[in-house]
Amino acid sequence: MPSEKTDKKELQPEEALRQRVAELVRVKSRDGQFTSRTEIRQYLLDRQLLPSQPKEGEPDQFQPLLVKTLEENGDLKELSGKDGVPRYYSSVYLSDSYVRLLLRKEGDPLSMIAETVRENSLVYPRPLPLTTFSHSPFDLTREEIPACLRQMADREEYADIQQTTTSIGTVYLYSTLHLDRDYASMLAEWLDVGQFNNP
Amino acid sequence: MDNRDEKHEILERFLGSAELNHPFSRRQFLKISGVSIVGISALSPLFARGATKPLVIMEQAKGIVIADPTRCVACRRCELACTEFNDGKAKPSMARIKVARNMNFGPKGIYGQSGQGNWGNGLITQDLCKQCPHPVPCATACPNDAIVMKGPANARVVDEAKCIGCKMCQKACPWEMLSFDDDKNKATKCFLCDGKPKCVEACPADALAYVAWRDMTDKVPARMVPTAVVSPEKAASCNECHKK
Amino acid sequence: MAKFGGWTGKTLRVNLSTGKIWTEDTIEKYKDYLGGTGLGYKVIWDEMKPETKPFDPESRLIFGIGPMAGTGAPCNGRTAITSLFPTCWPKPLVGTGHMGGQFAAELKYAGYDSIIIEGKADKPVWLSIVDDKVEIKDARKIWGQGIRRATAEITQELGPEACVAAIGQAGENLVPMSVIMNSYSHSAGGNGAVMGSKNLKAIGVRGTGSITIAGDKGEWEKLLKYNLSIMGANNNHAVPSSPQPWAEYFNPGSRWKASKGLRWEAANPPIDTGACDPHDLNRIAYRTNNAVTYLGDIGWSVTVRENVCTGCPIRCHPMIKVPSAKAKYGVPEIGMNTCGGLNFGRSFFKQFPDGPRGLTNVEACMVGMHMADDYGIWCNYSQLQRDFVKLYYEGTIKAKISDKEFKSYSWSKYEKGDPSFLFELLPRIARKEGELATVLGLGTGYLLEKWGLSEAEWKKDKDLVYWKMSHPKHHSNEDCGQCGVILNTQYNRDCQCHSHTNLVRGGLPIQVQKKIAEDLFGTPDAVDAVGAFTPMNTGKAKMTKWSLLRKELHDSLSLCNWMAPYATSPLKERGYKGDDTIEAKLYSMATGGKKNPEELDVVAERIFNLHRALTIRDMGTKEMREKHDTIPDWVYYDPDKKPVYTKGTIHLDKQDMQLAMDMYYEVMGWDKKTGAPTADTYKKVGLARVAEDLGKKNLLP
């Protein structure tokens, strides 16, 4: 029977452990990344903070640790990725829209491009330069982007994703669901050339 | 405790503080510890040596502000924070971190042709107090023992009550870091803002950092040749410790 | 007499004809006009007759600085130089050139709030101000030298911390298109020749004094931190230009360029700008990179760091290192400037061999910058360059100048986009060598007159963006519909107003902008999405008034109008709202002269109405609507003939613009028919004497 004294000693290391888990999630969020359940488990195993083989009959320590960490830290959120594995992030360091981008990135690149273009055409509204998708967090390669566009051109569900090219040859994407052709091309020209010439 | 034991205690405590920056080995120091050591400011029971004994700062500072010249964007918000938030007036000429004097042409000015500064390659050297280890040049030069060590950071600080405005300290600092408030006729210097330096907080380019003290006196070139004079009383006390 | 913080209390006066140097009590004489442009307009109203010409000895040249300059208030390093503008056509009228750098702060530390210069020295002189020692000194040695040498020689005498405001050969030669510059890259456009006409080469200042902050130093610290916490990037852009982990929004057009992996590549060693979370006040200086904004992505490869005015965390002048510019053209390999100054060289060229955003573009900028900033030539917000392009490609230059002179230029170099062409053109403009160079240096209105070209034709060309009276547009309908257009009618030079454009170009979604506009102006309809303009409404009129008044307020206080007013912030927890009261808070705490925002806006209204009164008086007419507040035809023109107020066009409707002017005059308290302030309005804002004087001349509606 653990004495009162022993209980106190056990609480402190656990609390410290939960704080470390919370910090891990926050640090990764600040860097624009989710932390998966697997990563957290591995992090603890690597530091021998979790037994690698749970002892026979002993309850799993990991799940309750995770649950309690989430309870104690209101900024930490859980969501499911496309593969069903839970991901965690800090809402202080990762915005909702960045979370959406990260989730899109886990899906197929076509829908990633399409959903992002649609969102931009609706919310701001404006078209997006193609180069957006070769940078973080989209990180598509120079070859992947035109390949995606070719595939999208053939698919009904992406019929609304259209291109417009500015007078200096920059390609912009927009969604006809929210922007008409004339307006989109005017905005693209303004963003690419107009603002440049009207500092 | 008799005199001899007291001195041992002082020395033990001194030697125990971080990063001994003394030319003598510990053994040598203990050997000569038979000689009187006077007025070590941090150790209050031993203050009672009397007002006639000069002040000698022995302990290291605990913190120091260091700077990255390649990040400085020459905004001078550090200088403004230093004087506005500490003195209630914007007076960069009195700032205890100094940027403006190097801003245009580098630390050697227009005659130095260092090729730095806004009119050169852009590099801005931020001049900072090194919170010198023993011997502290400005404190040593002060004829009134007005530069003292003060917690929590053990910064070397001008005690305004004792300062007589002679400016000897300005002549003593090889890096020309002593400022003078001519509205009050008092010297002033970096006191690390009691452990939370305002310049560090104010810098928008992450160019300043407040870190654990380390000896910067051999890492930063001097700006001038000091011409201060050490009073005979202080010179005598140097002799007491250091003579073989 | 109550003692105020912020101001030093002394305004310096110099008469170069008599050599007399004296001071006036700032508080007694100018407090109600704050400083900066306010003080400038007041001096001109009180002391200059309408018949005075810019180069007459009686003409005043006022280096106006406000109570905030030299303090820790963010972005305070502004000097407003007010005089008659020699480029203003057909008659020079009051105008202000604005320069940043260190001059404003250094003058305050020397103990002066502003400098008022009158008279004309017998021979070239420079003004030396070392704390309270002010002397007029012989400038023979530096007359004829560029701004850079003049600065170096004065610095040799006054020390490396001195700040020098100087003219180059352009100003000396009375070229109207001249600037006054300080701190390497900071130019005030339009007054250089006035300074030259006084035989005044430079003002060298060294100040070791202080500026008192009236309020409690702990409270002041809190207020400044608060101000910093709501600031965006350059032009107060509130969102980053690429998706950042912390950011809900982004906008590729934003000036907030920082991102992980994007580095100041020419720093030694390179520095990654990183994801600059707006809560991290130690990283504000990394947000903006105008090398990228103005040069394209190539800007990263040449950026050493950022620079700009005293006390500004934003740093809108990129310092760029371009070794090829030195190797090919012999200019220093490091240069810095922003906007029109940075673009000075490249704006002359229609194309470059390696495209509009390549290395030649950058090299042209370097060559142009170094020359323009040394000779002291003004670009008139790049109107100089736009005029040049049109005149060349339409064959006008060839037709108007002699064959011999035409052949003396390497036009094939120009057409190819060879930056070395600038060596042939710019020095000649500064020295008035040849017909072309001389005419270009006059300013557009006088150029058109001299060459018998039609100003009406100029006003039809939508690429020229010429407005009126020699000046171009500056953030008009393309940015902000009717509000932008009205603003552009109000001054005697390009309006230099950014209050409106800071809000609408910041990159926030239109719905967020509308919410902020509703808070500020009473209706979300005060702002439209770009290219989706709607008819005029009273909200837009209110926004226009706010934009103008705040610009005058900033130019009088010494706060940067490229940042303030803080309508927005990058903070989601504030709903992206800024703080519209911050000027009043800063003013009250620094000076101790407590004013709430409404009271401070009345001061701004006083200052702006005084500008209006000056314009009316010196034009000799109250018919402002018809004769001054004109709108060029290109504003109403769409090349694709799209209907107005549909999506995809920025042109406006003539009738709607007339309604817009009606509404604007109404919120200003001005007569609708003439556009002139009424006697009541003058009295309301504390200009009763002005009303009287104008009444005597029948210049009241």
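**View 1. Strand 9 of chain C and its partner, strand 12 (residues 200-206), pair antiparallel over four bridges.** In this predicted model, strands are DSSP runs of E, at least two residues long, and helices are runs of H or I, at least four residues long, each numbered from the N terminus. Two strands count as paired if DSSP finds at least two bridges between them. Look for C:A166, which sits opposite C:A202 of strand 12. Strand 9 also pairs with strand 10 (residues 179-182) of chain C, again antiparallel, over two bridges. There, C:A165 has C:N182 as its bridge partner.

**View 2. Here are the side chains of strand 9 (residues 163-166) of chain C.** C:C163 and C:A165 point one way, while C:V164 and C:A166 point the other way.

**View 3. Over in chain A, three strands make an open sheet in the order 4-6-5, with antiparallel pairing.** The edges are strand 4 (128-129) and strand 5 (161-165), each of which pairs on one side only. Strand 5 is joined to strand 6 (residues 171-175) by five bridges. One pair to pick out is A:Q163 with its bridge partner A:L173 in strand 6.

**View 4. A:R100 sits in helix 4 (residues 96-106) of chain A.** This arginine counts as partly exposed because its relative accessibility is 38%. A:D60 is 40 residues away from A:R100 along the chain, and their C-alpha atoms are separated by 32 Å.

**View 5. Stepping back, chain C holds 30 helices and 22 strands.** Buried residues make up 71% of the chain. Of the contacts (heavy atoms within 4.5 Å) with a separation of 6 or more, 66% are between residues 24 or more positions apart.

**Notes.** Residues are numbered from 1 along each chain as its sequence is written, and chains are lettered from A and ligands numbered from 1 in the order in which they are written. Local features need pLDDT of at least 70, side-chain atom pairs count only at pLDDT 80 or more, totals for chains, interfaces and linings use all residues, and side-chain values use heavy atoms, with hydrogens and water left out.

Notes: Buried means under 20% relative accessible area, exposed over 50%, partly exposed in between (1.4 Å probe, protein chains only).
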